[in-house]
Amino acid sequence: AEYMGSLRSLDLSWNHFRPKGIATLAKGIKQAYCMTKCNLSWNGVELEGAIGLADAVKNTDILKELDLTNTRINTEAAVTFAKALATNETLVVLKMGQNPMETAGCYGVVTQIMQNANSKITELHFDRILVNKDFEEQFQKLRETQGGEEGITLVTGGMESERTRRLPPALAHPLVKIQTHCDIHNINLITHFEQIDGEKTGSVSKEEFRNAITEMGVSLTDEEMAIVTAQFDREMNGVINYLDFAEFMGTLGGESSNSVVKFRVVHYIRVANQKLAEKKAMEAEEAAEMTTQNAEEEEEE
């Protein structure tokens with residue numbers, strides 16, 4: 001920290017600095033007479049580091065860009081650091097996104113900048129932090145004091161009120177997609193598969209099963225198709241009994257709830273595995289009896 005005087009740019013991102021280390025670095029930044037850019041992102045600033053950085057920013061007369069992205073700055077630390085912005089006249093870009101400072105911390109930063117008639121900040125980054133209406137109103141006031149819409153650029157994670165709207169919808173289980181498609185287009189699964197199974201064996205290969213589902217017009221990703229085939233290839237031999245598949249789909253009865261479908265799949269697999277185990281046990285018993293019978297016949301001969 002004592003030898004930062006001639007540094008023009010400092011990038012210590014993605015290191016393991018903790019609050020005490022950041023506070024020590026801040027003393028060097030404060031004394032750096034050439035440093036215009038400093039990146040401390042992805043470190044641990046927290047409150048102790050924020051106090052040190054506030055002192056550095058308050059006293060620097062050359063630093064133009066400071067990146068504090070994802071540095072564990074909470075609301076208290078953000079408000080503490082922001083006090084330096086009321087007097088700083090050199091910062092142009094300030095990045096504080098991905099921090100747990102919430103909308104209150106963002107509000108505190110904007111409020112302090114508003115008190116500085118000589119502030120040079122033109123970019124504020126609060127990436128992935130949801131802000132509320134109070135912040136929006138305060139930021140508009142800041143923009144008005146700095147020349148309207150072109151005065152300052154803002155990046156946030158969006159409005160808190162839009163959070164529920166911005167969440168992606170739950171993805172439908174692939175079996176729900178198949179069932180819904182069959183219901184809409186009135187497709188009989190057994191009839192459809194029998195067109196592929198010319199000998200009417202009741203079973204098709206995995207590849208034939210995939211082709212049959214695709215030919216129906218159901219759009220499944222490779223991952224979704226793998227989920228379906230894995231659940232109905234009971235003996236793991238690459239063969240799917242489409243009669244069992246059609247019977248299971250019939251038990252869904254128009255159910256579109258992922259949780260219910262997953263429960264029924266688990267139940268189906270449990271019962272199927274039990275039947276498979278019983279079948280193998282019976283085959284093993286028959287094989288044992290056959291071996292015993294052959295041995296007895298050999299002895300008689």
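Predicted model: local features only at pLDDT ≥ 70, side-chain atom pairs only at ≥ 80, totals over all residues.
Residues are numbered from 1 along each chain as its sequence is written, and side-chain values rest on heavy atoms, with hydrogens and water left out.

Salt bridges were assigned where a side-chain nitrogen of Lys or Arg lies within 4 Å of a carboxyl oxygen of Asp or Glu, and by this rule 4 salt bridges were counted. One of them joins the side chains of K30 and D55, with an N to O distance of 3.0 Å. Because K30 belongs to helix α1 (residues 19-31) and D55 to helix α2, this pair ties together parts that are 25 residues apart in sequence; helices here are DSSP runs of H or I with at least four residues, strands are runs of E with at least two, and both are numbered from the N terminus. K30 is partly exposed at 37% relative accessibility, and D55 is likewise partly exposed, at 34%, where buried denotes under 20% relative accessible area, exposed over 50%, and partly exposed the range in between (1.4 Å probe, protein chains only).

Helix α2 spans residues 46-59 and takes part in a further salt bridge, in which the side chains of R72 and E46 meet at 3.6 Å, N to O. R72 is placed in the loop between β3 (65-67) and α3 (75-82) while E46 is in helix α2, so the contact ties together parts that are 26 residues apart in sequence. Both partners are partly exposed, R72 with a relative accessibility of 42% and E46 with a relative accessible area of 30%. L47 also lies in helix α2, where its relative accessible area of 30% makes it partly exposed. The C-alpha atoms of L47 and I73 are separated by 6.9 Å, although these residues are 26 residues apart along the chain.

Another salt bridge connects the side chains of K177 and E224 at 2.8 Å, N to O. Since K177 lies in helix α7 (residues 174-185) and E224 in helix α10 (residues 222-232), the pair ties together parts that are 47 residues apart in sequence. In this pair K177 is partly exposed, at 31% relative accessibility, whereas E224 is buried, with a relative accessible area of 12%.

Aromatic pairs were defined by rings of Phe, Tyr and Trp (for Trp, the six-membered ring) whose centres lie within 6.5 Å, with planes under 30 degrees apart counted as stacked, over 60 as edge-to-face and the rest as tilted. The count by this rule comes to 7 aromatic pairs. Among them, the rings of F135 and F139 are stacked, because their centres are 6.2 Å apart and their planes stand at 10°. Being 4 residues apart in helix α5 (residues 133-145), F135 and F139 are separated by about one helical turn. F135 is buried at 0% relative accessibility, and F139 is buried at 2%.

In contrast to this stacked pair, the rings of F193 and F245 are edge-to-face, since their centres lie 6.1 Å apart with their planes at 85°. This pair links distant parts of the chain, with F193 in helix α8 (residues 189-194) and F245 in helix α11 (residues 242-252), 52 residues apart.

Turning to the backbone, most residues other than glycine have a negative phi. Positive values in residues other than glycine include that of W14, with phi near 60°, and that of N186, with phi near 55°. W14 is placed in the loop between β1 (9-11) and α1, and its relative accessible area of 59% makes it exposed. N186 occupies the loop between α7 and α8 and is also exposed, with a relative accessible area of 70%.
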